[in-house]
Amino acid sequence: MQLLTLYRRRLRLLAGNPRELIVPLATPVLFAIVIGPALKKALGSFNPHVDYLTFVSIATVVLLVPLNAMFSGLSVFADREHGALRELLAAPLPRWFPPLANVMATLTITTLQVTVLIVAAVARGATYHATASGVLWFVGAVALLTMIYASLAEVMAYRLTSEQEYIGNVPAIAIVPWFFAGSLFPISVLPKGLAIFSKILPGTHALALMRHGLTGGSTDGLKAIWGAHAGAADAAASFGIVAVFTVGLLLMSARAFRRSAVA
Amino acid sequence: MKNETGGVRVQGLAKKYRGGVEALRDVSFRVGSGEAFGLLGPNGAGKTTTIGVLTTTVRPTAGEIEVGGFDVARQAIDARRVSGIVFQDSVLDRGLSGRANLTLHARLWRMPRDRARARIDELTEVMGIGEVIDRPVRTYSGGQRRRLEIARAVLAEPRVLFLDEPTVGLDPTIRHELWSLIGDLRARDGMTLVLTTHYLEEAERLCERIAIMDRGRVIAMDTPAALLSRLGEEMLEVDGASELVTQLLGDRGIIVADVFRIGSTITVPFRNGDGDAAVRALRDSSLPIRSISVRRPTLDDVYLRLTGASLKG
């Protein structure tokens with residue numbers, strides 16, 4: 001009940017700040033409805049088996065999720081400087097409730113934004129072939145990736161002292177990994193060292209799962225990670241890796257909150 | 001001391017921050033159930049750190065602390081459940097309405113909905129914020145925000161109410177109004193009050209007992225009247241020629257053992273009506289004195305006497 005109260009509070013505060021909802025959506029939607037079709041037109045002839053519009057539109061989810069999470073993390077600064085954060089610290093509830101409620105609110109906003117993004121991409125011509133299990137892979141991957149980045153945003157917001165410092169870290173954390181996740185090209189074309197690095201990133205595994213889910217069980221992304229024998233087991237393995245990151249970062253965010261809360 | 005379950009017990013409290021700053025050293029006091037207790041001292045005395053420990057946002061280095069009958073180390077959530085706090089700075093969700101802020105508090109403190117609704121209506125009326133309660137808090141004046149925060153702190157009917165410099169930065173009119181409101185709320189709900197302040201008048205007006213803090217220690221603790229009585233009935237304040245004044249008064253047989261000096265001003269506490277004799281002696285002298293005055297002692301004098309520094313400074 002208290003967790004739900006905190007979750008609703010965070011949603012109300014986010015809804016009262018449209019900038020935090022619209023700005024993260026702008027770049028991915030631009031990719032989905034402008035850059036994706038342009039890539040399809042320009043590069044589609046090089047590989048007729050790849051629909052670049054669909055290929056890029058799914059990747060934009062992996063750009064949207066971190067951007068949205070990082071923008072949501074800014075609300076921690078507002079809470080600390082001008083909000084009721086200290087009231088929450090004095091409230092009779094476990095200290096891990098506030099960061100978890102923030103992550104839940106970010107998950108809700110992300111769900112709405114991903115829906116807008118998918119609808120925009122479909123309207124522009126992206127084609128998805130999703131079974132019920134495929135949708136589950138997609139939804140699971142989006143949810144876990146959102147929790148990873150929302151937790152990371154919380155950790156940063158509790159540890160860093162200024163918004164400027166926080167915003168300065170956003171490109172490195174939210175955008176750079178996207179280029180290594182196989183968003184615009186398969187990771188198999190990367191130099192060997194970078195390909196290994198990309199396989200460590202949770203976004204790479206999440207994106208492979210999303211494509212696996214929305215393109216009729218295509219295993220191209222999973223194959224690029226695990227090798228030629230990619231199948232359900234490899235999808236489960238990628239999911240497991242993303243889940244481990246999720247649990248680890250949720251615990252880290254709870255710890256960061258507790259440490260920032262108690263002097 | 002009344003019923004302990006509604007009070008506060010602090011025994012041997014110490015707090016050393018990372019970096020070695022000792023904010024509190026062996027602080028001990030008890031506040032009885034329903035008692036109003038003040039922590040008085042200048043900035044940096046350790047008042048806010050003490051409140052932080054009592055409200056579980058500062059982890060003590062040593063000591064035993066109970067709030068409302070609960071050990072704050074082992075039963076932190078229970079201790080927070082029976083506490084209300086008004087912070088030194090405004091701590092409100094400014095994007096939400098006053099009512100939404102109060103409702104949030106009621107839910108976090110697990111008040112039944114009907115009870116919360118009735119209590120919010122009652123308190124908004126008592127605190128005089130009925131007209132603005134549905135407006136966003138960012139449109140409130142400083143005084144309205146403070147009233148809302150006090151209403152929020154007492155909403156869940158806490159056993160112990162902590163007020164951390166509740167009227168700092170407010171104009172004198174609003175300050176006096178808030179003192180009345182706090183006094184009325186206490187009289188009605190009978191809660192224990194722990195107040196930090198460096199306003200002497202605030203402490204005298206609201207508190208039954210006062211602990212004076214200096215550099216992390218409690219240096220005196222008693223009722224305001226008992227603390228003031230240590231300095232006698234009147235204070236002589238003389239600006240200029242302080243050493244000559246002390247010598248002259250001593251030569252006339254006037255006891256000046258408790259004299260204390262700030263800059264060029266000396267202050268002499270008097271018992272037994274020696275003040276008039278001292279003023280006559282000084283006026284008859286040819287010492288280069290800029291001003292002489294006789295007044296009643298204040299808690300600032302108590303603090304000056306104990307530490308050599310002013311509370312107001």
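1. Let's start with the interface: about 2500 Å² is buried between chain A and chain B, and 58% of that area sits on carbon and sulfur atoms. Keep in mind that this is a predicted model. The contact draws on 27 residues from chain A and 27 residues from chain B.

2. On the charged side of that interface, the rule picks up two salt bridges across chain A and chain B. Glu87(A) pairs with Arg152(B) in a salt bridge, and their closest N and O atoms lie 3.5 Å apart.

3. The crossing of H1(A) past H3(B) is left-handed. H1(A) brings Gln2(A), Thr5(A), Leu6(A), Arg8(A), Arg9(A) and Arg12(A) to the contact, while H3(B) brings Ala100(B), Leu104(B), Arg107(B) and Leu108(B). Sorted by class, the residues where H1(A) meets H3(B) come out as four nonpolar, two polar and four charged.

4. Now inside chain A. Helix H3 (residues 52-82) and helix H7 (residues 163-180) of chain A pack at about 165 degrees, their axes 9 Å apart. H3(A) and H7(A) are therefore roughly antiparallel, and H3(A) passes H7(A) in a right-handed crossing. From H3(A), the contact residues include Ala59(A), Leu63(A), Pro66(A), Met70(A), Gly73(A) and Phe77(A); from H7(A), they include Glu163(A), Tyr166(A), Val170(A), Ile173(A) and Trp178(A). The contact of H3(A) with H7(A) holds 16 nonpolar residues, two polar ones and one charged one.

5. Chain B has a helix pair worth a look too. Helix H5 (residues 142-155) and helix H6 (residues 172-189) of chain B pack at an angle of about 15 degrees, with 11 Å between their axes. That makes H5(B) and H6(B) roughly parallel, and H5(B) passes H6(B) in a right-handed crossing. H5(B) supplies Gly143(B), Arg146(B), Arg147(B), Ile150(B) and Val154(B), and H6(B) supplies Ile174(B), Glu177(B), Leu178(B), Leu181(B), Ile182(B) and Leu185(B). By class, the contact between H5(B) and H6(B) has seven nonpolar residues, one polar and three charged.

6. For handedness, H1(A) passes H3(B) left-handed, H3(A) passes H7(A) right-handed, and H5(B) passes H6(B) right-handed.

Notes: Residues are numbered from 1 along each chain as its sequence is written. Chains are lettered from A and ligands numbered from 1 in the order in which they are written. This is a predicted model: local features need pLDDT of at least 70, side-chain atom pairs count only at pLDDT 80 or more; totals for chains, interfaces and linings use all residues. Side-chain values use heavy atoms; hydrogens and water are left out. Axes are lines fitted to C-alpha atoms, for helices over the stretch in contact, and angles run from 0 to 180 degrees between N-to-C directions. Helices (H or I, at least four residues) and strands (E, at least two) are DSSP runs, numbered from the N terminus. Angles under 35 degrees count as roughly parallel, over 145 as roughly antiparallel, 65 to 115 as roughly perpendicular and the rest as oblique. A crossing is left-handed if the near helix is turned anticlockwise from the far one by less than a right angle, and right-handed if clockwise. Contact means heavy atoms within 4.5 Å. Ala, Val, Leu, Ile, Met, Phe, Trp, Tyr, Cys and Pro count as nonpolar, Asp, Glu, Lys and Arg as charged, and the others, Gly among them, as polar. Buried area is the accessible area (1.4 Å probe) that two parts lose on being put together, summed over both. A salt bridge is a side-chain nitrogen of Lys or Arg within 4 Å of a carboxyl oxygen of Asp or Glu.
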